[in-house]
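Take a look at the sequence and the 3D view, then read on.

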Amino acid sequence: MQWLDAIIQGVLLGGMYAQYALGMALMFGVMRIVNIAHGDVMILLSLIAVSLAGVLPVGNIGLIVVIVPIAVGIGWALQTFILNRVVGADPLPSLIATFGLSIALQNLMLEVWSADTRSLPNSGIASESFQIGPIYVGLLPVIVLICAFVLTGGLDAVMRYTRFGRGLRAAAADTEAAAMTGVDPKRIYATATAIAVGILGLAAVFAALRATVSPSDGSAQLIYAFEAVIIGGMGSIWGAFLGSMVLGVAQAIGLRVDPGLGILFGHLVFLLVLATRPEGIMARKK
Amino acid sequence: METIKHMRVARATTSSRIAMTLGIVVLVALVAMPWWATSGNIRWAIELCCYIAIAQMWNLLAGYAGLVSVGQQAFIGVAGYLLFVLAQNFGVNPFVAVFLSLIAPAVLAVPTYLLLRRLDGPYFAIGTWVVAEAVRLATSNIDYVNAGAGMTLRVMTQYSQHEREVAFVLLCAVLLLATIGGSYWLLRSRHGLALTAMRDNPVAAASQGVNVGRLRFCIFVAAAVGTGLAGAIYYMAQLRITPGAGFDPFWASMSIFIVMVGGIGSIEGAILGALIYFFADRLFGEFGSAYLIVLGLLTLVIALYARGGVWGLLQKLGDHPWFPVRRKLIVEE
Amino acid sequence: MSTPILSTHALTGGYGDFQALFGIDLELHEGEVISLIGANGAGKSTFLKSVFGLLPVAPEMVRYDGAAVGGTPAHRMVRRGLAMVPEGRRLFVGMTVEENMRVAIDNARLPEGEGQWTRERLFELFPILGEKRRQPIEDLSGGQQQMVAISRALLCQPRVLLCDEISLGLAPKVIREIYAILPEITAAGTSIVLVEQDVTLAREASNRLYCMLEGRITLTGASSDISRDDIAAAYFGATDAVA
């Protein structure tokens, strides 16, 4: 029974990771942009949310309504002013540029918010839980998981069936040929990053509700998001969701084996996938 | 058409002769430090030498072999830990153990490369990072090495401070010779041309008969060993190692700073970058996060506007290599 | 003669520091097919890319429909009515045949309903594409992929179509099939620039012909008037060349 509990907790944890990973699936998986500042941007949004909650009594839903547009703006600016200058076949420039940005952001957050951990005031849903048989399940993690599921389905549909999705996939496959077919690669990339960071805005509010955040937490979120995308398979939106579940379950099981082994188990599963199926579990066979 | 009478291939330049002379002077001064410098200055010199070596190894990986690693701290940590285990738990002379401890990075580098070799660019980078994190977490869970609390090198107390300092400056000289000298030797050897070709275009280099895979493997292992040597010396001087410090991703960050600011793809760049970083750290380190914000933004600006870093900018003023790796054909009348 | 729909004026350009084009003057009139021939490395593809806004050129170097458009980004050139079948097809890997076509429809000069070209019409011209419309592009043969590339360009509803080496690497039967639809394209009012290495094919399919050598135009005239010897001389740059 404790293993079943571990799996359920792992899936719920995976729901949180999926929210970090979806934006990454779009940027890294589809556009092949390495954004080292991904986790830091999320922490920044969480901290903005925490600070705003102290000033604006808008409730959690209201906070999401305020944060997501801010996130969209940050994403658009990030792509337009920085990433569009460094995209290309060579991943090194985007890695270096966003690495510098990551260091700058982390320390900027330290200056503004200090190293203290913060979280959103504990409202009703954060502490509520319900019981399925002998297992207790928190209400908030279930909401997070459902949100992640809906977002994944929505993003996947956008990529498949909309003009934007086709244009983005075309630009990612061959930027020059896409431009010859009338796609404005820079604009479509800016939109894509705006969406990716917008999703991160939602994740940021949930992260601050679920647990605490501090300026140095970004790199852990970054590594989980990368792992989820690669486990799932580059370019696959549902793959990122599934990869997040695999990662969450691996960590939860590791945690049951020994409290010190949770994250390590996640890394080991990731390395195992790299060794046996480097194209990811959802990738189309070539 | 006139027939050419004499031709020779030249590599040394005036600038390189000056640089070589200066290099020898610096090396001699370094080795003589216990007799003229304060203990504080020697500690600084050890630190600087370790920075230069680690950055030089990262430059070899990212700047030439096209292997962008953000997990070099794995090799720093394992070499440091093996040194502590050998010296502290097995009673091996620590100055011998420094070299024995290089087995650890070499042994770790082989499976790491075999696991990650098929991954291109960004995958590879993330793969190395995960390997380093996994090794860090595993170390934190091994009671034999004192888990998360780390180890202390108590056996060093059997040597006087002067003895230790002499040994450290000698080790640092070996470290510099091995990493800078080794890189220079490699780039001047027949592999050097292949490496330069590989940096510019790996596919074309492969089609020209360069065994890209084997060369990359050798460089990955060599860089791991060089990085490990720096790590072992660094933590031996610190007398203490913990998983959090030995496997700190900061080591990767520092390498990226140094090499990008100094100028990627040149030996001179890594040295310049290390000097800039070291002195900036001494001068502005007290400003803490404000200083790091500037450093981060500087890296960003360099990635956007000046990919060649400081050395690239200097090269625009005039071609004065310290470590010439190109061959120049000189026709004599 | 009327003003040309597309013309270049002393066009120079290349990649970075490497200059590949040295003053190209070329004219294309409405409804006309011109072919641009030349050996490998003569600068033909560079020329097309320069016209299309994929390589930097000065505004006055390219005139389209009376306006100076040199250096306009490629996606805006598509809106104005240019389209290209690029060398090597350059289809969007990981997408189906129809998705490749829809990227063009999404960004075309005119909506699919108002333009000359619709998916239905192209599926009639190339029935095999209709059968494989839901298959990923990687599953198609080279000839079929070329048909998709042409369809994709046509669905941009172009007034000027640039074709870069569309016969390259294809079987003769497939080449005939593809060239057979050129009259259909011009009948729809579209002018064509054909870049070809196959001189015979280029002469047969075009009204006029330009020959390029080392970044310069070395010969131009009506395709039917130019002799093979003239072409050989212009193509190889030597008067005693053997065709």
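What follows goes from the chains and their contacts to a few helices and strands.

## A predicted model

Keep in mind as you read that this is a predicted model. For chain A, the mean pLDDT is 90, with 97% of the residues at 70 or more. Within chain A, helix α5 (residues 124–127) has the lowest confidence, a mean of 70. At the other end, helix α7 (residues 163–173) of chain A has the highest, at 95.

## How the chains meet

Two pairs of chains are in contact, and chains A and B share the most contacts. Here, 36 residues of chain A are in contact with 36 residues of chain B. On the chain A side, α3 (59–86), α4 (92–113), α10 (218–232) and α12 (262–276) each supply at least two residues. The largest share comes from α4(A), with 14 residues. Sorted by class, this side of chain A has 28 nonpolar, five polar and three charged residues.

Chain C also touches chain A: 23 residues of chain C are in contact with 16 residues of chain A. On the chain C side, the elements that give two or more residues are α2 (74–80) and α3 (97–106) of chain C. Of these, α3(C) provides the largest share, five residues. By class, this side of chain C divides into 14 nonpolar, three polar and six charged residues. What about chains B and C? No contact joins chain B and chain C, and their closest C-alpha atoms lie 16 Å apart.

## Chain B as a whole

Chain B holds 16 helices and four strands. Its C-alpha trace spans about 75 × 50 × 40 Å along the principal axes. A compact globule of 333 residues would have a radius of gyration near 20 Å, and chain B agrees with that at 21 Å.

Of the 333 residues in chain B, 45% are buried. Now take the contacts in chain B with a separation of 6 or more: residues 24 or more positions apart account for 79% of them.

How many of its 22 residues are buried? The count is 17, so α4(A) is mostly covered, given that a residue is buried if 20 or more other C-beta atoms lie within 10 Å of its own. The length of α4(A) works out too: at 1.5 Å a residue its 22 residues should span 32 Å, and its end C-alpha atoms are 31 Å apart. Just after α4(A), A:Ser114 takes a positive phi of about 60°.

Next is helix α6 (residues 139–161) of chain A, with 23 residues. From first C-alpha to last, α6(A) reaches 33 Å, close to the 33 Å expected at 1.5 Å a residue. Buried residues in α6(A) include A:Leu140, A:Pro141, A:Val144, A:Leu145 and A:Ala148. Further along α6(A), A:Thr152, A:Leu155 and A:Met159 are buried as well. As background, an α-helix has 3.6 residues a turn, so residues three or four places apart point the same way.

## Strands in chain C

One open sheet in chain C has four strands in the order β2-β1-β4-β5, with antiparallel pairing.

Elsewhere in chain C, strand β7 (residues 160–164) is mostly covered, with five of its five residues buried. In a regular strand the side chains alternate between the two faces of the sheet. In β7(C), C:Val160, C:Leu162 and C:Asp164 are on one side, C:Leu161 and C:Cys163 are on the other, and both faces are covered. β7(C) runs parallel to strand β6 (residues 82–85) of chain C, joined by four bridges. It also pairs in the parallel sense with strand β8 (residues 191–196) of chain C, over five bridges. C:Val160 is the bridge partner of C:Leu82 and stands opposite C:Ser191 in β8(C).

Notes: Residues numbered from 1 in each chain as written. Chains lettered and ligands numbered in written order. Predicted model: local features only at pLDDT ≥ 70, side-chain atom pairs only at ≥ 80, totals over all residues. Buried ≥ 20, exposed ≤ 12 C-beta atoms within 10 Å, placed from the backbone. Pairing = 2+ DSSP bridges. pLDDT = per-residue confidence, 0-100. Contact = placed C-beta atoms within 7 Å. Nonpolar A, V, L, I, M, F, W, Y, C, P; charged D, E, K, R; others polar. Expected span 1.5 Å × (residues − 1). Rg over C-alpha atoms; globule rule 2.2 N^0.38 Å.
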